[in-house]
Amino acid sequence: MLKDSHAFSGFSSNDITKSREFYATTLGLEVTEAMGLLTLHLAGGARVIIYPKDDHEPAAFTVLNFPVEDIAAAVDGLAQAGIRFERYDGFEQDERGIARPPHSEDGPLIAWFKDPAGNILSVLQE
């Protein structure tokens, strides 16, 4: 029934101005704003909506994943842009914050960081 629908995801922020600056300037994404909502325009035509919410509570899970070819280069570039990577119990992470599962079937190389509203994002190597 929804097979041909161009679905999109969304999450909230308590500061749309800071979010716009972060996603557009720090991450370098195309960001548009209309009616108080931000739209992130992602590669391949995908969209994500960020909406304002005064009583915003950051998600306790990853809301947006960015697949990359070279996670070390991506993490280094993000760190140079001021991104601080998160560390989580149960994951062996290197000095950069990259989780490196012992076997490829255990998951991809991945590193987590937060946006200004505290939502969790990741870069992961494909």
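Pro-67 has its place in strand E5, which covers residues 62-68. The model described here is a predicted one. Pro-67 is partly exposed, because its relative accessible area of 47% falls between the limits of 20% for buried and 50% for exposed. Apart from neighbours within four places in sequence, Pro-67 is in contact with Leu-124 and Glu-126. Pro-67 can also be compared in position with Ser-122: the two are 55 residues apart in sequence, and 8.3 Å apart in space from C-alpha to C-alpha.

## The sheet that contains E5

Strand E5 belongs to an open sheet of 3 strands, in the order E5-E7-E6, and the pairing in this sheet is mixed. E5 and E6 stand at the edges with a single partner strand each, so one side of each has no neighbour in the sheet. From one strand to the next, the twist averages 25°.

The strands E5 and E7 run parallel and are joined by 6 bridges. One of the residue pairs here is Asn-65 with its bridge partner Ser-122 in E7. Helix H2, made of residues 71-80, lies across E5, E6 and E7, and runs at about 145° to E7.

Is Val-123 in this sheet buried or exposed? Val-123 is found in strand E7, and its relative accessible area is 4%, so it counts as buried, the limit being under 20%. Leaving aside neighbours within four places in sequence, Val-123 is in contact with Phe-66, Val-68, Ile-71, Val-75, Leu-78, Leu-109, Ile-110, Ala-111 and Phe-113. Asp-76 is 47 residues away from Val-123 in sequence, and their C-alpha atoms are 11 Å apart in space.

In general, the side chains of a regular strand alternate between the two faces of the sheet.

## The sheet of four strands

Another open sheet has 4 strands in the order E1-E4-E3-E2, with mixed pairing. Its edge strands are E1 (9-13) and E2 (30-34), each of which pairs on one side only. The twist in this sheet averages 25° from one strand to the next.

E1 and strand E4 (residues 47-52) run parallel, with 5 bridges joining them. Ser-9 stands opposite Val-48 in E4. E2 and E3, on the other hand, run antiparallel and are joined by 5 bridges. In that pair, Glu-30 stands opposite His-41 in E3. Helix H1 (residues 16-26) lies across E1, E2, strand E3 (37-41) and E4, and its direction is at about 155° to E2.

What do E2 and E3 form, and how many residues lie between them? They form a hairpin with 2 residues between them. Met-35 is found in this loop between E2 and E3. The phi of Met-35 is near 55°, which is a positive value in a residue other than glycine. Most residues other than glycine have a negative phi. Met-35 counts as exposed because its relative accessibility is 82%, and exposed means over 50%.

## A buried loop residue

Ala-117 has its place in the loop between strand E6 (110-114) and strand E7 (120-125). Ala-117 is buried, since its relative accessible area is 6% and the limit is under 20%. Beyond neighbours within four places in sequence, its contacts are Ser-12, Ser-13, Asn-14, His-56 and Pro-58. Ser-13 is 104 residues from Ala-117 along the chain, yet the C-alpha atoms of the two are separated by 5.3 Å.

The table sets out the accessibility of the residues discussed so far.

| Residue | Relative accessibility | Class |
|---|---|---|
| Pro-67 | 47% | partly exposed |
| Val-123 | 4% | buried |
| Met-35 | 82% | exposed |
| Ala-117 | 6% | buried |

## The largest pocket

How much space lies in the largest pocket? The space amounts to about 190 Å³. The lining of this pocket consists of Gly-90, Phe-91, Glu-92, Ala-99, Arg-100, Pro-101, Pro-102, Asp-106, Gly-107, Pro-108, Ile-110 and Trp-112. By type, these lining residues divide into 7 nonpolar, 2 polar and 3 charged. One of them, Ile-110, is also among the contacts of Val-123.

Methods:
Residues numbered from 1 in each chain as written. Predicted model: local features only at pLDDT ≥ 70, side-chain atom pairs only at ≥ 80, totals over all residues. Heavy atoms only, no water. 1 Å grid on protein atoms, 1.4 Å probe; cavity = no way out; pocket = protein on both sides within 12 Å on 5 of 7 lines; lining within 4 Å. Points joined across faces, edges and corners; volume = space filled by probe spheres on them. Nonpolar A, V, L, I, M, F, W, Y, C, P; charged D, E, K, R; others polar. Pairing = 2+ DSSP bridges. Axes fitted to C-alpha atoms, helices over the stretch in contact; angles between N-to-C directions. Contact = heavy atoms within 4.5 Å. Buried < 20%, exposed > 50% of the residue type's maximum accessible area, 1.4 Å probe, protein only.
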